[in-house]
Amino acid sequence: MISPISSTYNNYYTYLYKTASTTKSGALGASNSLASILGGNSLLGVNSLGSINYSALNNLQSVKTSVKGLQTALNSLSTGAAFNQKTAVSSNPDAVSVTQTKSGNIPTFSVGVTQLASGQANTGSSLAAAANAAAGSYQVQINLNNKTHTVAFQVNAGDTNQVFQQKFADAINKKGIGLTASVQKDGANSTLSIRANTTGDIPAAAFTLADYTGNAVATLGVNNVSQAAQNAIYNINGQAKTSASNTVALTNGATATLKQITGDPVIISAGTDKTSAKRAVDDMVSNYNDLVKNSAAGSRLTRELTAITQLYAPVLGRLGITAASDGTLKTDETKLNAAAENGSLKAFFTQSRSLSYGFSGQLNRTLTNVSSNAQSYISALGTNSLSPNLFYNQLMQTSVSSDYTNLFLQMFI
């Protein structure tokens with residue numbers, strides 16, 4: 001009977017790995033009662049006082065999560081799924097760009113842009129920046145979105161025109177009413193500009209300025225409307241449309257952003273998502289690094305991970321994936337993007353679609369072994385000083401209720 005029972009300890013640890021939890025139910029409840037027998041071994045998730053070692057179990061949960069995340073990323077890369085995802089693409093992203101938040105194909109759209117949406121913009125007079133401004137207290141009333149706001153500021157003796165303009169701009173920006181003001185310097189002159197933060201032919205995008213105390217608006221010339229609030233005018237597949245925003249919804253989570261007036265129509269269609277493979281590599285590296293950080297240096301897991309990455313280090317380096325001194329991986333964005341573009345990234349990861357060999361296959365086998373033999377691979381939670389046979393002997397010799405003994409034998413053998 002000793003032979004089959006001798007695997008109880010490892011089976012129990014693997015059970016904790018698979019069900020990593022911080023609850024006091026099930027096996028953990030049994031562990032709690034058997035803590036005195038187990039000698040407080042942290043591998044078992046309990047301490048010598050009979051209470052759950054939450055730190056150990058949380059570490060075990062982190063390892064489990066990283067293993068699952070790494071397996072998912074490797075599967076996406078090695079089966080080619082990460083390289084075959086579709087997303088909306090634009091034939092001229094400088095004129096009309098597109099993003100898609102849902103996976104799947106979209107129909108083809110022909111987009112033409114006649115006018116871009118914009119908010120009102122006022123441009124003041126170009127004044128000699130270094131000339132002295134009139135000192136005094138100034139108040140300006142701004143009507144925006146059917147509401148009147150008053151901004152106030154003080155111009156001191158000796159302040160220049162540029163300081164005058166900047167104080168007015170700061171007063172507007174500090175008010176936070178939906179306008180942005182700025183001062184532009186052009187040689188010896190400076191100009192105050194004010195623009196609405198919202199676009200479209202709507203009240204929130206148009207404003208008026210009026211002097212209330214002093215003559216700041218008149219002096220600085222900021223009642224000059226240089227850009228009227230207007231809607232975007234565009235067409236999709238020949239159908240005329242308008243929008244207060246330059247961002248317009250298409251279909252299936254696809255959104256187009258109008259950027260320029262177009263001559264020839266811009267074609268929006270389903271194409272290969274060139275960023276999905278990079279995201280999968282980033283996920284792989286992130287979970288790999290978490291796994292290394294949550295495992296003890298020198299453990300079987302870290303030894304095998306290091307051996308695999310060292311074996312493929314030359315080609316990984318060319319793809320933009322290298323190992324740091326602490327055993328973690330890092331990526332070179334430029335090399336990684338180039339490898340995704342020229343196909344070498346896909347060629348490397350898809351050399352085995354069944355995950356049976358190659359970099360992905362060897363990593364996946366190690367990860368599968370962790371799930372079935374956790375205690376052998378993970379030593380970050382403590383050092384096992386309790387042999388399987390001693391575990392069995394102490395279990396059978398204890399005065400703990402046979403219900404707990406039977407629970408262990410049923411659960412872990």
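Okay, let's start where two helices touch: Lys278, Val281 and Asp282 in α8 meet Glu333, Leu336 and Asn337 in α11. Contact here means heavy atoms within 4.5 Å, and helices are DSSP runs (H or I, at least four residues) numbered from the N terminus. By class, this contact has two nonpolar, one polar and three charged residues.

Quick note: this is a predicted model, where local features need pLDDT of at least 70 and side-chain atom pairs count only at pLDDT 80 or more, while totals for chains, interfaces and linings use all residues. Numbering runs from 1 along each chain as its sequence is written, and side-chain values use heavy atoms, with hydrogens and water left out.

So how do α8 and α11 pack? Their angle is about 130°, and their axes (lines fitted to C-alpha atoms over the stretch in contact, with angles from 0 to 180 degrees between N-to-C directions) are 9 Å apart.

Now the core. The largest nonpolar core has 33 residues, and Met284, Leu345, Phe349 and Phe359 have the most contacts inside it. A nonpolar core is a set of buried Ala, Val, Leu, Ile, Met, Phe, Trp, Tyr and Cys residues joined through side-chain atoms within 4.5 Å; buried is under 20% relative accessible area, with a 1.4 Å probe and protein chains only. Which helix gives the most? That's α8, with eight residues.

Take Leu345: beyond its neighbours within four places in sequence, its contacts are Phe83, Ala277, Val281, Leu319, Leu336, Ala339 and Ala340. Apart from this core lies another, of 27 residues, including Phe164 and Val217.

Key. Buried means under 20% relative accessible area, exposed over 50%, partly exposed in between (1.4 Å probe, protein chains only). Ala, Val, Leu, Ile, Met, Phe, Trp, Tyr, Cys and Pro count as nonpolar, Asp, Glu, Lys and Arg as charged, and the others, Gly among them, as polar.
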